[in-house]
Amino acid sequence: MADPRPLLLNDSEPTQLHNGRPTRIASLDVFRGLSVFLMIVVDYGGSIFPIIAHAPWNGIHLADFVMPFFLFIAGISLALVYKRRPQRTQATCKALARAVKLFVLGIVLQGGYFHGITSLTFGVDVERIRLLGILQRISIGYIVAALCEIWLPPPRWKEINFLKSYYWHWFVVVILLALYSGLLYGLYVPDWQFDISASTSSLPPIGGGDVYTVNCSVRGDLGPACNSAGMIDRYILGLGHLYRKPVYRNLRECNMSKGQVSDSSPSWCHAPFDPEGILSSITAAVSCIIGLQYGHVLAHLQDHKERQYNWICFSLSSLALGLFLASTGIPINKALYTVSYMLLTSAGSGLTFIALYYLVDVHGHRRLTAVLEWMGKHSLSIFVLVSSNLAVIAIHGFYWNKPENNIINWIVTRFDRT
């Protein structure tokens with residue numbers, strides 16, 4: 001049985017007619033299933049094949065497309081859910097309630113309560129619980145896009161055009177990007193310290209001392225040590241509530257070996273940093289609004305060619321602009337969710353959805369994607385099992401003679417290169 005409220009708004013309103021009867025947009029379920037599948041592949045295969053894992057800092061790998069895919073799908077689904085204009089106050093209350101539920105579920109799943117795949121224990125110190133994560137980011141993008149769709153005026157003319165029809169949505173996009181850029185480049189980041197023994201890291205004190213100093217005193221730095229995104233999270237959330245194993249520890253400067261940062265590494269290599277932080281959630285919300293515009297085309301246009309033409313034009317425009325910004329020095333960075341990264345991944349999301357739509361909804365090749373479609377319809381259940389490691393822990397619980405002799409440890413010891 002499919003989830004009644006699956007991940008990423010799977011309760012989409014049918015927009016196509018077949019023999020006079022409404023049908024689901026199957027490609028949207030397939031895309032959702034593909035995103036969940038990719039999440040599983042990069043989570044469990046990233047340590048074996050680093051090329052598909054998250055880029056340590058600048059750059060883009062396969063894993064860096066997963067979050068934008070989720071946000072893009074949420075945006076498309078919103079346009080279908082609100083195709084018929086709802087009562088605004090009631091719709092807002094429901095959207096807020098759903099966003100809160102998604103946010104709280106994210107804290108439970110990724111806040112540290114469930115431990116790693118090699119541990120059968122659970123529980124978390126509330127002073128160290130991680131407050132932000134994947135579902136929290138999706139909930140933020142969802143509520144921003146939902147409020148745009150509920151409260152901002154609908155188009156007054158029949159023709160659907162990305163820029164003209166929903167100009168108020170694009171005005172919100174401009175405001176969000178201006179706010180993001182102003183904070184990212186304009187805030188002054190002073191020198192800062194963190195205490196490794198004070199619940200900010202799982203690493204032991206080094207050299208007899210447990211206080212590290214990171215020398216910054218800069219403005220507009222986009223490196224892992226002195227960016228304003230990290231500073232905002234440290235001030236608002238606190239070091240104890242950030243992600244304690246940031247992917248930038250895989251940079252050469254950090255000399256990572258067997259899961260531990262070298263004693264000789266720069267001080268910032270030992271510090272926590274949240275890739276789903278407050279500042280980067282602003283541009284992540286823009287990804288959701290962009291998906292919303294693709295959903296408008298899906299909701300209001302019925303001709304396949306017309307839909308694909310609009311989508312291709314916008315995807316290629318986003319791709320060209322993203323590449324241009326990257327060439328001018330704005331790095332492609334998932335941890336900071338830079339504008340170039342947002343545009344390129346939005347373009348990638350759009351092109352992927354176009355390909356699936358052409359394959360599944362236009363030509364009807366649903367057998368080829370039946371498994372992904374099933375995963376899309378049960379996405380929340382799968383996400384819970386994967387992100388909490390419940391499925392892996394269940395397998396881990398069966399062993400020979402002693403707990404260490406289990407299939408999970410066998411796989412980890414032979415294939416995990418971190």
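Arg130 and Glu276 are both buried in this predicted model. Buried here stands for a relative accessible area under 20%. The two residues form a salt bridge, and their closest N and O atoms are 2.7 Å apart. Arg130 sits in the loop between α3 and α4, while Glu276 belongs to the loop between α7 and α8, so this contact ties together parts that are 146 residues apart in sequence.

Side chains of opposite charge can pair when their charged atoms come close. Arg130 has a further partner in Asp274: a salt bridge joins them, with 2.8 Å between the closest N and O atoms. Because Arg130 lies in the loop between α3 (88-110) and α4 (134-151), and Asp274 in the loop between α7 (228-236) and α8 (280-300), the pair ties together parts that are 144 residues apart in sequence. Asp274 is buried, as is Arg130.

Glu276 also takes part in a salt bridge with Lys334, where the N to O distance is 2.7 Å. This pair links distant parts of the chain, with Glu276 in the loop between α7 and α8 and Lys334 in the loop between α9 and α10, 58 residues apart. Lys334 and Glu276 are both buried. Taken together, Arg130, Asp274, Glu276 and Lys334 are linked in a network of salt bridges. A search of the whole structure gives six salt bridges, among them the Arg130 pair with Asp274, the Arg130 pair with Glu276 and the pair of Glu276 with Lys334.

The loop that holds Lys334 lies between α9 and α10, and these two helices can be examined next. How do their axes run relative to each other? Helix α9 covers residues 304-327 and helix α10 residues 339-362; they pack at an angle of about 155°, their axes being 8 Å apart. Since angles over 145 degrees count as roughly antiparallel, α9 is roughly antiparallel to α10. The crossing of α9 and α10 is left-handed.

Which residues make the nonpolar surface patch of about 420 Å²? The patch is made by Tyr167, Trp168, Phe171 and Ile175. Ile175 is placed in helix α5, which spans residues 167-186. Is Ile175 buried or partly exposed? The relative accessible area of Ile175 is 46%, so this residue is partly exposed.

Technical notes:
Residues are numbered from 1 along each chain as its sequence is written. This is a predicted model: local features need pLDDT of at least 70, side-chain atom pairs count only at pLDDT 80 or more; totals for chains, interfaces and linings use all residues. Side-chain values use heavy atoms; hydrogens and water are left out. Patches are made of residues with over 30% relative accessible area and no salt bridge: like charges are joined within 9 Å, nonpolar side chains (Val, Leu, Ile, Met, Phe, Trp, Tyr) within 5 Å. Accessible areas come from the Shrake-Rupley method with a 1.4 Å probe; for residues, only the protein chains shown count as cover. A salt bridge is a side-chain nitrogen of Lys or Arg within 4 Å of a carboxyl oxygen of Asp or Glu. Helices (H or I, at least four residues) and strands (E, at least two) are DSSP runs, numbered from the N terminus. Buried means under 20% relative accessible area, exposed over 50%, partly exposed in between (1.4 Å probe, protein chains only). Axes are lines fitted to C-alpha atoms, for helices over the stretch in contact, and angles run from 0 to 180 degrees between N-to-C directions. Angles under 35 degrees count as roughly parallel, over 145 as roughly antiparallel, 65 to 115 as roughly perpendicular and the rest as oblique. A crossing is left-handed if the near helix is turned anticlockwise from the far one by less than a right angle, and right-handed if clockwise.
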